[in-house]
Every structure is written in C-alpha cells, then in structure tokens.
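Here is a short report for a first look. Keep the model in view while you read.

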Amino acid sequence: MAGLTINGVTKTFGDFDAVKDVSIEVKDGEFLAVLGPSGCGKTTLLRLVAGFENVTSGDIRIGNEIVSTAQGCVPPEKRRVGIVFQNYALWPHMTVAENIGYSLKVAKVDAETRKRRVDDAMALVDLKGFGDRRPANLSGGQRQRVALARCLVAAPSLVLFDEPLANLDVHLRASMEDEFAAFHKRTGTTIVYITHDQAEAMALADRIAVMDNGRLAQLAAPRELYREPANEMVASFISEGMVIPAQVLSPAESGHLKVSVLGQEVVVRCRDGEKPRHEAKVCCRAPDISAAAPGEPGIDGTIRRAVHKGGVARIEFAPDADPTVTLHFEQPDPSPFEAGAKARVRIASGWLIPGGASA
Ligand SMILES: Nc1ncnc2c1ncn2[C@@H]1O[C@H](COP(=O)(O)OP(=O)(O)OP(=O)(O)O)[C@@H](O)[C@H]1O
C-alpha cells in the first residue's frame with residue numbers, strides 16, 4: 001500500500017475551476033472520505049487521482065512516484081489504483097472467480113498464480129466458497145464485495161471508492177458500512193472514499209475532506225468536523241448545524257469565551273487567540289439547545305413546528321430577537337411544545353466559527 005499526496009491541484013474545464021488549489025495528504029493505510037454537496041468536485045478529484053483526467057496545475061504523488069503534473073500524466077493502467085464504482089458491472093456470464101480473475105487473465109498471468117491470487121482476494125472480502133456462483137445468485141452486498149475483490153486482485157497501491165453504496169437499500173448500506181470498516185481494519189488498505197452521505201463518511205473515515213465549490217473547506221477527523229467546523233459551510237453541512245449571529249464579549253481563555261447569542265449570554269468553545277468582535281457566528285448543534293427552566297436565562301420565541309418521530313419530537317423554534325433564524329432541538333415525546341405556542345429555550349454551548357475582524 002502507499003500514501004497519496006495531492007499538492008495544490010487545480011482542474012479547469014474551459015474557464016470553470018471544478019477543483020481549485022486542493023492539497024490533501026492521505027497517509028499509508030488511512031481511510032479518507034471526500035464529502036460534499038453535488039457538483040463540489042468530488043468525482044473530478046477522484047478522476048484526477050485515477051488518471052482519467054490530468055491536472056491543470058499542481059501535482060499528485062502515489063507513494064514516492066509523481067503521477068500527475070500539468071506537463072504529463074502516468075496513464076490509469078500504470079498507477080496501480082483500484083476503483084470500486086457505484087455501478088459494479090459484473091460480467092453476468094462469468095462465475096465470481098472468473099469475474100475477479102479477468103484482469104489477470106487479460107494480463108496473461110498463468111493459471112496457477114491466477115487461482116492463488118483470486119483465492120486470496122476472495123478471502124480478503126470474506127467470499128470464500130462463492131467462487132463458482134454467478135452474479136445473479138448473489139445479494140447486492142455480495143456483488144459489491146466481488147467488485148472489491150476484482151479490484152484487490154491487481155494488488156493496488158490504493159483503492160478509490162466512488163459512492164459504492166449509493167445503489168443499495170438502507171439496511172444493506174448499514175451492513176456494507178460495517179463490512180468496509182472491517183475490511184479496512186483487517187487489510188490496512190489506503191482508501192479514498194467519495195460520498196455525499198455524511199453519516200457514511202462519519203462512520204467509516206479516519207479523516208474527512210469536505211469540499212465546497214471545488215475548494216477544500218476542511219480536512220479533519222469526524223469528531224473535529226462536528227465540534228470545530230472551520231467555516232459556515234462546514235458548520236451547516238455537517239449534522240444540520242445551526243449558524244447563528246453572535247457578538248463576542250470576552251477574549252479567548254482556555255479554549256472558551258463569552259458571546260451574546262439572540263440576547264442570551266453563553267460560554268462557547270473557540271480557537272485560541274479569538275478577540276471580542278461585533279459580527280461573529282456561532283455553530284450550535286441540536287443537543288446544545290433545550291427548554292429553559294423557569295428563572296433561567298434564555299431566548300423567547302415561538303414554536304414553528306413540532307414533528308413527532310416516535311420517542312422524540314423535533315422542535316423548530318423561531319426566536320423573537322431574530323425570526324429569520326430557526327433553532328431546532330429534540331424533546332422526549334410526548335413533548336409539551338406545539339406549533340404556534342410561545343416558549344423559552346436555552347443555548348448551553350456552541351462553537352465560535354473562526355474568522356472575522358476583531359472589534
Ligand atoms: N468534463 C467536464 N467538462 C465541464 N465541466 C465539468 C466536467 N466534469 C465536471 N464538470 C463540472 O465540474 C463540477 C464538479 O463536478 P463533479 O462531478 O466533480 O462534482 P461531484 O461533487 O462529484 O458531484 P456529484 O455528487 O453530483 O457527482 C460540476 O459543476 C460539473 O458540471
């Protein structure tokens with residue numbers, strides 16, 4: 001296996017930058033997810049790494065080898081990059097073992113070596129004993145595992161997954177997530193996993209690269225993305241974060257400072273060096289918000305919606321101080337909150353989104 005270095009890469013189509021100055025270092029054996037909304041440049045980045053497109057500027061290295069620069073590009077078949085696509089397209093007339101070994105046959109690898117490598121690849125994805133079956137007689141998850149074995153049989157340096165679970169139903173997705181995680185743990189394969197599904201990325205990846213309009217918005221571990229988003233896009237994109245205008249009242253001390261949010265003073269987490277300023281934004285998550293107890297500082301407003309979800313209700317709340325903001329939180333069901341009622345809520349914590357001029 002090998003690491004991957006994407007260094008200041010831009011890809012331009014006509015006058016449109018699909019990928020803009022992206023730098024990512026994937027360590028040997030790391031599981032990196034690339035996450036972002038439709039059109040943010042995920043697939044273009046994957047195609048650049050695979051060698052289907054060439055960079056406009058910057059360079060890409062796999063292990064120690066430079067595979068892409070604006071001047072030239074190692075062709076896809078010489079990169080030893082395995083790809084597992086959403087549409088796994090197995091040959092229906094071939095058995096599982098024949099599907100997996102097809103590329104070795106084309107490369108004229110002798111029958112004995114081929115059998116050994118196919119058996120090894122099947123063992124890696126837990127498909128021992130399935131070699132003689134046809135794809136039609138497999139479940140969707142098993143077919144996806146054949147596609148993974150087909151790519152592993154070529155002993156790739158790294159494996160790219162392009163939304164591999166997008167075609168599967170919800171239950172199968174969950175079990176395949178477990179299988180991919182177990183596969184990664186067992187084999188230490190370097191994986192770059194493209195998805196627009198953040199739950200999938202959070203569940204699987206060591207680190208997540210969040211893309212926004214071709215740029216890298218943040219590269220961090222899942223917990224850090226959730227707790228310490230680098231900007232408003234990441235704050236709102238990950239787990240429906242609420243981005244709320246605030247005023248910073250005190251300088252940062254031990255990673256915290258005091259802000260005024262919708263009229264309530266709250267101590268929030270922050271980066272070191274933050275100073276008092278008028279125009280700031282705070283990211284709150286649903287667990288940061290609850291109903292205020294009588295006499296407690298809080299925020300007055302109106303319940304906009306109460307959606308009962310069996311066991312819990314999702315409450316949407318419009319603060320009087322700024323009705324353009326919607327706060328949402330969960331309450332055990334049956335909840336006393338109903339749409340149209342006046343209420344008072346409390347923000348217990350949050351994260352000061354970095355940036356902005358000091359006051
Ligand atoms: N060959 C091309 N020529 C022109 N524009 C392109 C080309 N390939 C991609 N783009 C544009 O680049 C942008 C990024 O596309 P890309 O497919 O990488 O996004 P994505 O994040 O993978 O989206 P999705 O999740 O919908 O697949 C889009 O605006 C797309 O229209």
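F161 stands opposite Y193, a residue of strand β9. Strands here are DSSP runs of E with at least two residues, helices are runs of H or I with at least four, and both are numbered from the N terminus. This is a predicted model, in which local features need pLDDT of at least 70, side-chain atom pairs count only at pLDDT 80 or more, and totals for chains, interfaces and linings use all residues. Residues are numbered from 1 along each chain as its sequence is written.

Strand β8 runs parallel to β9, and four bridges join them. Two strands pair if DSSP finds at least two bridges between them. Both belong to an open sheet of six strands, in the order β7-β8-β9-β3-β10-β11, with mixed pairing. From one strand to the next, the twist averages 20 degrees.

Helix α4 packs on this sheet and touches β7 and β8. Touching means contact: C-beta atoms, placed from the backbone, within 7 Å. The direction of α4 makes about 165 degrees with that of β7. Axes are lines fitted to C-alpha atoms, for helices over the stretch in contact, and angles run from 0 to 180 degrees between N-to-C directions.

| Element | Residues |
|---|---|
| α4 | residues 140–152 |
| β8 | residues 158–162 |
| β9 | residues 191–195 |

Now the whole chain. It has eight helices and 21 strands. Its C-alpha trace spans about 80 × 50 × 40 Å along the principal axes.

Notes
Contact = placed C-beta atoms within 7 Å.
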